[in-house]
Amino acid sequence: HPLDHSRDLSEVMGRIFDSGDACDFLIVVRSSDEDVSQTVCAHKMILSPFQPFNVSEGSESITISISRPCLQHFTTFVRYLYTRKVNTSSSSVQCLHWMASRFGAKQLMEDTGRLFVEVMPQDPSFQTQLSLYDYATEMGDLLMQENCVRYLAWNYQNLTTSPAWTRLSVQLLQTLLQRADLVVPDEYFVLQSVETWIRETGKSTSLETQAQLLSHVRFPMISAERLFHLETVSPLYSAHQGLYKEKMLKALQFNLLLFNQIQASPAFHKEDPDYQTRIYTAKPWSVVIHPSDKVQEQVVFRGNGRVSTLGYYSHTIAASMVTPVHNSLIFQKDKLRWEASLLRRHQDCSHAGLSCPSLPMARLKTQSAVSTPQVVFQNRLLLMCRGSYVCQVQDFKNAVSPLTMDGVYKVAYPCPGDQYTFQYVVRPQFPTQNTTTRI
């Protein structure tokens, strides 16, 4: 007959730490610049499992140096060692993770590491995200780095208008510019953002570094109209005239030559990122569906003692769009009509000829045949949280994309209350060796 009263133990241990009664080990904590310090009185018995505290029979104190921002959270960390409970926030989670790593509190380190993705969306200034990225780089944590970079890539447009924009390091900006999952209105927006970053960082960025950043802009994905005016509107054209001319020539050939002529050129490589689209959200490439939009209603006729259904009752929300087959100007006359829909009932799935293992289900289907075999589609679905940030990007397989698993939304970054809008993005690509057709 086991009796378990451990739930009360945490509270008791917390009182022991707060009172300081019978404490026998002093921890002197100094900021790394040694301007600020504090002293915590703890118990050897509690600290002994954590070897970095160097608790031994004859020891009475230890001096520890930590960064000034983390100094205020050290007492909270030591209290956790007593109670195994702690409240975290976007301002404390990084410090608690560092201290847990430093002093061997493995479970706290793992749990706070998982919390990083929870706190990222809470800071629209992007200061937290950049701080976490720098910390992940310092710690050599590749998974944490990827979580930070992916959030920045999905929310690149908001990042460019944030106070943190000019804080981006050259290395981080270069990493973002190389990603295919960069969510932007169009490629011209990418060029403008890079030019703005270079101008705002001033002389601290060398001409060589500027050229490296500009080389990652996918000029062939910029419209011919934009390219035509680039020489007169670009603030960096004169400083990098050779690079711009080379990139613009490559882009104009892509936009104006027939595809078989481009393929015949020894300079053309389909694997070249310049010829691959990112996730472009400007018209005509995307459409947004709000779950609160009105759905088709059932139309009923009553008369002469009869009840007749004249319309189909559906919970499906749908929207349509028309896109070219590809961004290239030579494909502009070849149009595709797409229907984006949000299926919310099994009855609606059946009506669409689908079997939906989970609901709701997103669907993006072309209503016309693709007449250009050189182009495949890797379409994407963006889940926008409360219309303010992208918390999930996922692909379509056989024109559908499940939104939930066992009734729970699966997103990379949390969205309080599951308040989503859904953005459907058509993404044409030239097939490479690793590309499969997804329409």
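Where is Pro284 found? Pro284 sits in the loop between β5 (279-280) and β6. The views below come from a predicted model, in which local features need pLDDT of at least 70, side-chain atom pairs count only at pLDDT 80 or more, and totals for chains, interfaces and linings use all residues. Residues are numbered from 1 along each chain as its sequence is written, and side-chain values use heavy atoms, with hydrogens and water left out.

**View 1**
Lys283 and Pro284 are joined by a cis peptide bond, with omega about 5 degrees. The loop that holds Pro284 runs between β5 (279-280) and β6. Helices (H or I, at least four residues) and strands (E, at least two) are DSSP runs, numbered from the N terminus. A cis peptide bond also joins Leu359 and Pro360, where omega is about 0 degrees. Pro360 is placed in the loop between α16 (346-351) and β11 (361-366). Most residues other than glycine have a negative phi, and most peptide bonds are trans.

Glu34 is not a glycine, but its phi is positive, near 60 degrees. The residue lies in the loop between β1 and β2. Glu34 counts as exposed, at 61% relative accessibility. Here buried means under 20% relative accessible area, exposed over 50%, and partly exposed in between (1.4 Å probe, protein chains only). Arg84, also not a glycine, has a positive phi of about 60 degrees. Its loop lies between α4 (74-83) and α5. At 47% relative accessibility, Arg84 counts as partly exposed.

The structure holds four disulfides. A disulfide is a pair of cysteine sulfur atoms within 2.5 Å. With the bonded cysteines of the protein numbered in sequence order, the pairing reads 1-2, 3-4, 5-6, 7-8. One of the disulfides joins Cys23 to Cys41, S to S 1.9 Å. The link is right-handed, with 95 degrees about the S-S bond. Cys23 lies in the loop between α1 (9-19) and β1 (25-31), and Cys41 in strand β2 (residues 37-42), so the bond ties together parts 18 residues apart in sequence. Cys23 is partly exposed, with a relative accessible area of 24%. Cys41 is partly exposed too, at 25%.

**View 1. The Cys70 to Cys95 disulfide.**
Cys70 is joined to Cys95, S to S 2.1 Å. The torsion about this S-S bond is about -85 degrees, so the disulfide is left-handed. Cys70 belongs to helix α3 (residues 68-71) and Cys95 to helix α5 (residues 93-103), so the pair ties together parts 25 residues apart in sequence. Cys70 counts as buried, at 8% relative accessibility. Cys95 is buried as well, at 5%.

**View 2. The Cys349 to Cys356 disulfide, and two further cysteines.**
The sulfur atoms of Cys349 and Cys356 are 2.0 Å apart and form a disulfide. The torsion about the S-S bond is about -105 degrees, so this link is left-handed. Cys349 is buried, with a relative accessible area of 1%. Cys356 is buried at 6%. For Cys391, the closest cysteine sulfur is in Cys415, 5.0 Å away, too far for a bond. Cys391 is buried, with a relative accessible area of 0%. Cys148 is buried, with a relative accessible area of 0%.

**View 3. A four-stranded open sheet.**
The strands run in the order β6-β18-β13-β14, with antiparallel pairing. Two strands pair if DSSP finds at least two bridges between them. The edge strands, β6 (286-289) and β14 (389-395), each pair on one side only. Neighbouring strands are turned by 25 degrees against each other on average, direction ignored. Within the sheet, β13 (residues 380-385) and β18 (residues 420-425) pair in the antiparallel sense over six bridges. Cys385 stands opposite Tyr420 in β18.

**View 4. Helix α8 against helix α10.**
The axes of α8 (residues 142-154) and α10 (residues 170-177) come within 10 Å and cross at roughly 65 degrees. Axes are lines fitted to C-alpha atoms, for helices over the stretch in contact, and angles run from 0 to 180 degrees between N-to-C directions. Val149, Leu152 and Ala153 of α8 make the contact with Leu172, Thr175 and Leu176 of α10. Contact means heavy atoms within 4.5 Å.
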